[in-house]
Amino acid sequence: MDDSLDYDIVIVGAGMVGSALACALGSQMESSQMPGNPSPRIALIEANSPADWQGEYDIRVSAITPASVNIFHNIGAWSSMESGETGRVSPFRQMHVWDAAGSGKIHFDSADIGEPLLGYIIENRVILKALETRLNELGCVNRLCPVRLEGIEMSTDSARVILDDGQQIRCQLLVGADGASSPVRQMSGINTSGWLYQQHGVVAVIETSASHQETAWQRFLPTGPLAFLPLPDPNLCSIVWSTTPQQAEALVTMPEAEFLQQLQQAIGDHLGEMIATGPRAHFPLRLQHAHEYVKPRMCLVGDAAHNVHPLAGQGVNLGLADVAALTEVLADAWPASDLGAMQRLRRYERWRKGENVSMMLTFDGFKRLFGSQFGPLKLLRNVGLNLTEALPPLKDLIMRHSLGVYSDSARLSRRKTP
């Protein structure tokens, strides 16, 4: 700890990953201290004002794995998501996946592997509100909002963060958690590789006549996957419909009755009749990966480091795994070691980069396989789905991997022991 610095750690970006990191660092580094040791000084910088909580469902949701739930438990945020003022989480215990261009289908059921569920569908707004509540309980985290990053300057012993309100603050470590277009990444001169998918994701909340049965439903269409994700109301689902930019624009702007008719044709009758839709929006889909996660006194987490296709719903879970790994690396160093030293930051990069690349390539491969209309590939993917369905050990292995809980995972990702 250097008393000449304003903060030990500055995090830019107070989205789900940035806020979770601030909560994790604050709770873990504070609780691990011996009597007499200082608490860390953490600043969380956000350009946008906090959104007011409103009762209707958020059109943006996340599929949260059990490993990510463990992280939320361990940083003290899960209780607010589950049962607090804004508590609204929906477990999903089964998943049906099928191909519109063939007979291939597969059914995952958590009971087959002795687990109570496969994960939760949670509105992004609910997650953010719970993290904000937890942040307010941590005396070592100072939230600066709304304020924008205007520049950064690096020296051998500190990072200087320049803000648009005239403040200049110095810290041991600067963390970019500021999204796919990360100003921290750009100002640090880190390049990215990747591509736009020529697809947009259409999101909305849909009322159906039949219950979703706490089940996620995903159909692979020629233009991209359509997912129905269960919400707490048994007749409400959040959809993510990946399709061409032109069709996405049309789906968002067409009259409600026409949209519901097209949605009915796309998903079939598995959820009964499409009754109503809330507001609709769409956003571009991309694959993007930073060439480096770290530089002296700087590191990247979440979408600032990697972007994936949403077909498997793993984007935020990869970011939360970054949070768990970085927290462990920094907590193990506090307060005796320099948090911005490259030797320490490289440990985080090595830990996360390999897994992130592996997951990105897997999702990209699935996207290309299921998006292809080439006859032999259509036959291959349908045979593959049916073969996996017929091989319970393989299907169980896929489900266990999707839970995100591994023996070598970061401490925060593991279930808290009594």
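A salt bridge is taken here as a side-chain nitrogen of Lys or Arg within 4 Å of a carboxyl oxygen of Asp or Glu. The structure is a predicted model, in which local features need pLDDT of at least 70 and side-chain atom pairs count only at pLDDT 80 or more, while totals for chains, interfaces and linings use all residues. Residues are numbered from 1 along each chain as its sequence is written, and side-chain values use heavy atoms, with hydrogens and water left out.

## Salt bridges

A search of the whole structure finds 13 salt bridges. Side chains of opposite charge can pair when their charged atoms come close.

| Asp-338 | Arg-297 | 2.5 Å |

The salt bridge of Asp-338 with Arg-297 links distant parts of the chain, 41 residues apart. Asp-338 lies in the loop between helix H8 (315-333) and helix H9 (342-371), and Arg-297 in the loop between strand S18 (294-295) and strand S19 (298-300). Helices (H or I, at least four residues) and strands (E, at least two) are DSSP runs, numbered from the N terminus. For accessibility, buried means under 20% relative accessible area, exposed over 50%, and partly exposed in between (1.4 Å probe, protein chains only). Arg-297 is buried because its relative accessible area is 5%, whereas Asp-338, at 31%, counts as partly exposed.

Glu-349 and Arg-346, by contrast, both lie in helix H9, three residues apart, which is about one turn of the helix. Glu-349 is buried at 7% relative accessible area, and Arg-346 is partly exposed at 33%. Salt bridges with shared partners also join Glu-328, Asp-332, Arg-347 and Arg-411 into one network.

Leaving aside neighbours within four places in sequence, Met-360 is in contact (heavy atoms within 4.5 Å) with Leu-287, Gln-288, His-289, His-306, Asn-307 and Val-308. Between Met-360 and Cys-145 the separation is 215 residues in sequence and 32 Å in space, C-alpha to C-alpha.

## Strand pairing

Two strands pair if DSSP finds at least two bridges between them. Strand S11 (residues 168-176) is mostly covered, with eight of its nine residues buried. Strand S1 (residues 7-12) runs parallel to S11 and is joined to it by five bridges, with Tyr-7 opposite Cys-171. Strand S10 (residues 159-163) is antiparallel to S11 and is joined to it by four bridges; here Arg-160 has Arg-170 as its bridge partner. The hairpin of S10 and S11 has four residues between the strands, and Gly-166 in this hairpin takes a positive phi near 95°. S11 also pairs with S19 in the parallel sense over three bridges, where Gly-176 is partnered by Leu-300.

An open sheet of three strands has the order S3-S7-S4, with antiparallel pairing. Strand S3 (61-64) and strand S4 (89-92) stand at the edges with a single partner strand each, so one side of each is left without a neighbour in the sheet. Neighbouring strands of this sheet are turned by 25° against each other on average, direction ignored. S4 is joined by four bridges to strand S7 (residues 119-123), and Val-89 stands opposite Ile-122 in S7.

Two helices pack on this sheet. Helix H2 (residues 66-74) touches S3 and S7, and its direction makes about 100° with that of S3. Helix H4 (residues 124-135) likewise touches S3 and S7, with its direction at about 85° to that of S7. Axes are lines fitted to C-alpha atoms, for helices over the stretch in contact, and angles run from 0 to 180 degrees between N-to-C directions.
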